[in-house]
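Here is a short report on one protein chain.

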Amino acid sequence: MAAADTVTPPAAQDRTPEEIAVDARLQRKTALWSLAAAMVLVVLKLGTGLLTGSLALVSAGIESSGDVIAAFLTLLAIRLAIKPADGDHNYGHRRAENIAALGEAAIVFVGGLIIGFEAVRLLIEGGHEVDASWYVFVVIGLALVIDVSRIVISLRAARRWESAAFRSNAFNFAGDMAGSIAVLIGLALVAAGIPAGDAIAALLVACIIFVAVGRLAFENVRALMDFAPEDQRTAITAAIGEAAPQAELRRLRLREVGGQVFADVTLGVSPATTVAADHETADRVEAAIRAAVPSADVVVHAEPRMSGADLREQVLATALTDPDVRDAHDIAIYTDRGTSIVALHLKLDADSSLRDAHTAAERVEAAISALRPGVEAVHTHLEPIEGPVALRPERLHGADADDLFGTVVALLGAEPLECDLRETDVGPVLFLTVATDAAAGLLAAHDLASELERDLRIAHPRLADVVVHTEPGPG
């Protein structure tokens, strides 16, 4: 049984080059805005912190300087991640965002260590003077406004472009905002006559940094380790079950790259189905997965499922698996005292040698014998696959055609539902559609068609072929 494979191009490749270029410009613009905002905050916090002697503000400034580097890394990652997949990077370049996010985490973590160490030192040694003037609170208020706007813009960008880099930026900016709030509280304590408030605020900023870094590192390491989210696995499994309930889900492998899910699906299908039917099943599964997870890139592989199939299906699938067998038919299974004897016809290329055909038949017989313990013997009949028939066409005209129709009516005892005589390149071919008893079985209908074809060939030997289609009649 041949496998049916189907591949879905990545969602980004479904868009026009103009749309991709517009998205790239918007992403660069957003990253540049984040970079500019981070630089402004560094100047405001570090400058004011050094001027007033506030460790908390200096700490917040150091954290913001890490954001400058982080925003710069995000800009570089976006420029690389937007590149389409190529021969060396089959899944695209969006892992660059996860790597950049880990770089951001490392930088901010170092800043947090410096801040935490200095805060603990000041709390132990004491003697720290801070000028909690009114303009310090104005600077912090302005920093909070900038932080809120950065978080909102980064979150929108992360959702729109499924960007790990923008999502990490949002985490960094949220930590920055929490740090600004902690600085505000610390300076309020200083203004209220508690000098240690500034160092406590700085220590709190360090803790906030460590929490943000831990979460950021966890998410991106998990992405780089090809973590498959359970909700996506559940949704895709349910979609496959609805699209192909008759198929067996043998394997489902997921990986997420920069917000895009890659799904590798292996289905077990009936061994008696055709390649075209398997391909149709794969197409339905692919469409269902794309409906459940719109960003999914899907590969579906269908292979014959032997478990649960009856012996006839297993024999057919086994025969068609052999590379030299072009077709298999007339499968008969005989039983003798609890054992099975299998007979079937194999069609091979007409130009095959008898030795090669016999070797192929022995392979098929051995494979069928191994299917079940009860298969005692396998017998094959070898046939050449039919090629084009080269005949000098005969033609039926006028009285001959009328006589043919009269023969059909005489044999049937009634007019056929359809009688279509065609002059083809191999001669006249008669296509008949006849009505049979709706309660009759398939065997009776087949016997009727076979007898009709035989009698028409005898009565009109110039016919190149007769094709009879039976269908249930009224009543």
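Asp-264 and Arg-253 form a salt bridge, with their closest N and O atoms 2.9 Å apart. Asp-264 belongs to strand 3 (residues 260-269) and Arg-253 to strand 2 (residues 248-257), so the pair ties together parts that lie 11 residues apart in sequence. The model is predicted.

Is Asp-264 buried or exposed? Its relative accessible area is 19%. The cut-off for buried is under 20%, so Asp-264 counts as buried. Arg-253 is partly exposed, at 46% relative accessibility.

## Other charged pairs

The count of salt bridges comes to 10. One of them joins the side chains of Asp-465 and Arg-457, at 2.5 Å from N to O. Both partners are partly exposed: Asp-465 has a relative accessible area of 29%, and Arg-457 has 37%. Shared partners also link salt bridges into a network made of Arg-251, Arg-253 and Asp-264.

Asp-455 and Arg-454 meet in a salt bridge too, at 3.2 Å from N to O. Asp-455 is partly exposed, with a relative accessible area of 27%. Arg-454 is partly exposed as well, at 46%.

Strands pair through backbone hydrogen bonds, in a parallel or antiparallel sense. Here three strands make an open sheet in the order 5-6-7, with mixed pairing. Strand 5 (327-336) and strand 7 (375-384) are the edges. Each has a single partner strand, so one side of each lacks a neighbour in the sheet. On average, neighbouring strands of this sheet are turned by 15 degrees against each other, ignoring direction.

Strand 6 (residues 339-348) pairs with strand 7 in the parallel sense, over nine bridges. Opposite Val-375 in strand 7 stands Ser-340.

## Helices on the sheet

Helix 9 (residues 311-321) packs on the sheet and touches strand 5, strand 6 and strand 7. The direction of helix 9 makes about 140 degrees with that of strand 5. Helix 10 (residues 354-369) lies across strand 6 and strand 7. Helix 10 runs at about 150 degrees to strand 7.

## The whole chain

How many helices and strands does the protein chain have? The secondary structure comes to 12 helices and 10 strands. The chain has 475 residues, and 41% of them count as buried.

Take the contacts between residues at least 6 apart in sequence: 70% join residues at least 24 apart. The chain exposes about 24300 Å². Carbon and sulfur atoms supply 61% of that area.

Terms used:
Residues are numbered from 1 along each chain as its sequence is written. This is a predicted model: local features need pLDDT of at least 70, side-chain atom pairs count only at pLDDT 80 or more; totals for chains, interfaces and linings use all residues. Side-chain values use heavy atoms; hydrogens and water are left out. Helices (H or I, at least four residues) and strands (E, at least two) are DSSP runs, numbered from the N terminus. Buried means under 20% relative accessible area, exposed over 50%, partly exposed in between (1.4 Å probe, protein chains only). Contact means heavy atoms within 4.5 Å. Accessible areas come from the Shrake-Rupley method with a 1.4 Å probe; for residues, only the protein chains shown count as cover. Two strands pair if DSSP finds at least two bridges between them. Axes are lines fitted to C-alpha atoms, for helices over the stretch in contact, and angles run from 0 to 180 degrees between N-to-C directions. A salt bridge is a side-chain nitrogen of Lys or Arg within 4 Å of a carboxyl oxygen of Asp or Glu.
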